Amino acid sequence: QVQLVESGGGLVQTGGSLRLSCAASPSIFSINYMGWYRQAPGKERELVAAKGRYGSPYYAESVKGRFTISRDSAKNTLDLQMNSLKPEDTAIYYCAGGESITTIPTSGSWGQGTQVTVSS
């Protein structure tokens with residue numbers, strides 16, 4: 001059973017940066033596809049960025065050019081570097097992993113979430 005633990009959330013001003021990290025155990029290499037999701041109050045959960053073991057990453061249009069997802073097999077972490085943050089980025093951010101991007105929401109492993117708040 002894969003366990004995912006997020007860290008790095010917090011409060012930042014508009015235009016600031018945060019780096020989220022997701023520690024995977026026992027091994028990130030065993031997880032075919034991983035992603036960062038977020039859910040803001042009153043809104044549906046959305047996929048922010050995702051990356052498989054191979055291939056190019058996926059980014060939601062709203063974060064392209066500002067967020068960077070990276071996967072480190074040596075450290076067993078999935079990171080999300082968030083720059084030029086906006087108030088609309090405020091949400092709980094979740095790390096998740098599974099067999100594919102389509103199966104993660106229903107059968108993937110999920111972390112407990114970390115709060116990101118961007119003040120205007």
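The following questions and answers describe the fold of a predicted protein model.

Residues are numbered from 1 along each chain as its sequence is written. In this predicted model, local features need pLDDT of at least 70, side-chain atom pairs count only at pLDDT 80 or more, and totals for chains, interfaces and linings use all residues, while side-chain values use heavy atoms, with hydrogens and water left out.

Reader: Which pattern does the protein follow when read along the sequence?

Author: Helices (H or I, at least four residues) and strands (E, at least two) are DSSP runs, numbered from the N terminus. The protein has one helix and 11 strands. Read along the sequence, their pattern is β-β-β-β-β-β-β-β-β-α-β-β.

Reader: What radius of gyration does the protein have?

Author: The C-alpha trace spans about 40 × 30 × 25 Å along its principal axes. The radius of gyration is taken over C-alpha atoms, and the globule rule is 2.2 Å times the number of residues to the power 0.38. For 120 residues a compact globule would be near 14 Å, which agrees with the protein's value of 13 Å.

Reader: In which order do the four strands of the open sheet stand?

Author: Two strands pair if DSSP finds at least two bridges between them. The edge strands, β1 (3-7) and β7 (67-72), each pair on one side only. The pairing in this open sheet is antiparallel, and the order is β1-β3-β8-β7.

Reader: With which side chain does the side chain of aspartate 79 make a polar contact?

Author: Aspartate 79 is placed in strand β8. This residue counts as buried because its relative accessibility is 11%; buried means under 20% relative accessible area, exposed over 50%, and partly exposed in between (1.4 Å probe, protein chains only). A polar contact is a pair of N or O atoms within 3.5 Å; within protein, one must be able to donate a hydrogen and the other to accept it, and residues adjacent in sequence count only if both atoms are side-chain atoms. At 2.8 Å, the partner of the aspartate 79 side chain is the side chain of serine 21.

Reader: Is leucine 80 buried or exposed?

Author: Leucine 80 lies in strand β8. Leaving aside neighbours within four places in sequence, its contacts (heavy atoms within 4.5 Å) include Leu20, Trp36, Phe67 and Tyr93. Because its relative accessibility is 0%, leucine 80 counts as buried.

Reader: How many bridges join β4 to β9?

Author: Seven of the eight residues of β9 are buried, and the strand is mostly covered. β9 pairs with β11 in the antiparallel sense over three bridges, and two bridges join β9 to the antiparallel strand β10 (residues 109-110). β4 and β9 run antiparallel, and the number of bridges that join them is seven.

Reader: Which peptide bond is cis, with omega near 5°?

Author: Most residues other than glycine have a negative phi, and most peptide bonds are trans. The loop between β3 and β4 holds proline 26. The cis bond runs from serine 25 to proline 26.

Reader: What is the phi of serine 84?

Author: Serine 84 is placed in the loop between β8 and β9. The residue is partly exposed, with a relative accessible area of 41%. In the loop between β7 and β8, asparagine 76 has a positive phi near 60°. Serine 84, also a residue other than glycine, has a positive phi near 50°.
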